[in-house]
Amino acid sequence: MFWRRAMDYRRLADGVAKAIADGRLRPGDRLPPQRTFARRHRVAVSTAIRAYGELVRRGLVVGEVGRGTFVRAAPPHPGSVLAEDSGRTPVNLELNYPVADGQSELMARGLAGFVRPDVLLEATRPAAADGTPEARAAAARVLARPGWSPAPDGLLFAANGRAAIAAALSALVRPGGRVGVEELTYPLVKAVAERLGVTLVPIATDGSGLLPSALEATHRRTPLSAVYVQPTLHNPLSLTMPGDRRGELALVLRQLGLPAVEDTTWAFLAGPDTPAPLASYAPERTLLVDSLSKRLAPGLTVGFLSVPEVYGEEAARALRSGAWTAGRFNLEAAVRWVEDGTVEAVTAAKRAEAGARQELVARHFSGFTVRVAPSSYYCWWELPSPWRAETFVAAAAEELGIAVTPGSAFAVGAGSAPDAVRVGLASPSRGVLGAALEGLAGLAGRGG
């Protein structure tokens, strides 16, 4: 029966995917509510939910809280996102995993020791949520920032950053609970919240990040269970919250008795003058999450959680019950990459490369309204009138073969999504990226 249900929802998703490929469903078209879809296809609502989830996983549709599920303007293109442009090759500026020259050689050096059978046997044993003493020491070294260092005994390990976020939210929020987030937030947090049965509540922001006063007002109207925030190199806005704002936010968290999940996934790119993490301002209330995916590679990574003692047992239980724990092999590899200097060397190379790519943005997007940071691998582009985000994304895909992400993917709540796009700068070579940015700027200049 289980396999029959699994096939049912995948077959339903295949049918919708075919309608999208055939043009019967166009970018921006709204799918029927899941209950209506279930009645139409004579399946359980749970099967319809899984089918919609499968379409989201494939990148064919996007769900917007309070509005519904819509066909995406630019489905993922086949082939490697790192492929060179030959004039016809799609350029994917949605995915955003930076790659530094020589990083594979450095990583291979760290893995060489696994060829010994006894070492490989040990590295393939199960791992606990708190890893090993060596892994905790290595993670503490990676996560340390000026003004803050995590306690090794408070570190837990997940399969990746997304799993770390899921475990943190699961530990703090029960199904039906409410989590405050910035008005524009990491899209996968939206998917995680939906899967956990958690409602995301948008909190107003300004040029310095989330507004503590808005958080307090929202919580007093209808209580929140937790807050998810990206204080450093916010994705997609590239904002970094100044120290005084972090202090104000910490004070409000204490006054309201709220815990926070601080996502520092991109913070490794920030300079030495960046304020210490929120976890240093409110250590008893902040669960800090991070990973090696952006530092090194998304396919062989480890997620980190720095957890206050009061939440430690619940977070470890969430990791185990959700099957979100890290594999022992990945933990052992991470320890070697930290100890042999691979993480530090690749991180330095990626910081330097980010600056070179931002110079391309400044050159090709001059005259447009763009939010960037010198060390960021993405930019937030507010499109000129009369362009609408979904229309521009569709035109970029169809006319230029370039995929960018519409603002609706990041927007939370029932309000209108901004007519803006996030342009990822990491995936193609610098030459291909420059040509893609030039093409996008030319398209925007022609108007919608």
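Trainee: Where does Pro386 sit?
Mentor: Pro386 is in the loop between β14 (378–382) and α15 (389–400). Keep in mind that this is a predicted model.

Trainee: What kind of peptide bond joins Ser385 and Pro386, cis or trans?
Mentor: The bond joining Ser385 and Pro386 is cis, with omega at about 10°. Most peptide bonds are trans, and most residues other than glycine have a negative phi.

Trainee: What about Ala323, what is its phi?
Mentor: Phi of Ala323 is near 55°, again a positive value in a residue other than glycine. Ala323 is found in the loop between α12 (309–321) and α13 (328–339). Its relative accessibility is 64%, so Ala323 counts as exposed. The cut-off for exposed is over 50%.

Trainee: Let's do helices. How many residues does α3 have?
Mentor: Helix α3 covers residues 45–57, which is 13 residues. From first C-alpha to last it reaches 18 Å, close to the 18 Å expected at 1.5 Å a residue.

Trainee: Which residues of α3 are buried?
Mentor: Thr47, Ala48, Ala51, Tyr52, Glu54 and Leu55 are the buried ones in α3. Looking down the axis of α3, they fall within an arc of 155°, so they line one face of the helix.

Trainee: What follows α3?
Mentor: Gly59 follows α3, and its phi is positive, near 80°.

Trainee: Now α9. Which of its residues are buried?
Mentor: In helix α9 (residues 212–221), the buried residues are Pro212, Ala214, Leu215, Thr218 and His219. Around the axis they cover an arc of only 160°, so they sit on the same side of α9.

Trainee: What covers the buried residues of α9?
Mentor: The cover includes β5 (178–182), β6 (199–203), β8 (209–210), β9 and α10.

Trainee: Which exposed residues are on the face turned away from that buried side?
Mentor: Arg220 and Arg221 are the exposed residues carried on that face of α9.

Trainee: I'd like to look at helix pairs. How is a pair described in general, for two packed helices?
Mentor: By the angle between their axes and the distance between the axes.

Trainee: What is the angle between α14 and α16?
Mentor: Helix α14 (residues 342–364) and helix α16 (residues 430–446) pack at about 25°, with their axes 9 Å apart. That angle makes α14 roughly parallel to α16. Their crossing is right-handed.

Trainee: Which residues meet there?
Mentor: From α14 there are Glu353, Ala356, Arg357, Leu360, Val361 and His364. They meet Arg430, Leu433, Gly434, Leu437, Glu438 and Ala441 in α16.

Trainee: And at what angle do α6 and α13 cross?
Mentor: The axes of helix α6 (residues 133–143) and α13 cross at roughly 50° and come within 9 Å. That makes α6 oblique to α13. Here the crossing is left-handed. The contact is made by Glu134, Ala135, Ala138, Arg141 and Val142 of α6 with Leu331, Val335, Val338 and Glu339 of α13.

Trainee: Change of topic: which strand holds Val370?
Mentor: Val370 is in strand β13 (residues 369–371). At 22% relative accessibility, Val370 counts as partly exposed.

Trainee: What does Val370 touch?
Mentor: Leaving out residues up to four places away in sequence, Val370 touches Val361, Phe365, Cys379, Trp380 and Trp381. The C-alpha atoms of Val370 and Glu382 are separated by 6.1 Å, and these residues are 12 residues apart along the chain.

Trainee: Last one, Ala123. Where is it, and is it buried or exposed?
Mentor: Ala123 is in helix α5 (residues 117–123). Its relative accessibility is 1%, so Ala123 counts as buried. Not counting residues up to four places away in sequence, Ala123 touches Phe114, Arg328, Phe329 and Glu332.

Technical notes
Residues are numbered from 1 along each chain as its sequence is written. This is a predicted model: local features need pLDDT of at least 70, side-chain atom pairs count only at pLDDT 80 or more; totals for chains, interfaces and linings use all residues. Side-chain values use heavy atoms; hydrogens and water are left out. Helices (H or I, at least four residues) and strands (E, at least two) are DSSP runs, numbered from the N terminus. The expected span of a helix is 1.5 Å times one less than its number of residues. Buried means under 20% relative accessible area, exposed over 50%, partly exposed in between (1.4 Å probe, protein chains only). The arc is that of the directions from the helix axis to the C-beta atoms. Axes are lines fitted to C-alpha atoms, for helices over the stretch in contact, and angles run from 0 to 180 degrees between N-to-C directions. Angles under 35 degrees count as roughly parallel, over 145 as roughly antiparallel, 65 to 115 as roughly perpendicular and the rest as oblique. A crossing is left-handed if the near helix is turned anticlockwise from the far one by less than a right angle, and right-handed if clockwise. Contact means heavy atoms within 4.5 Å.
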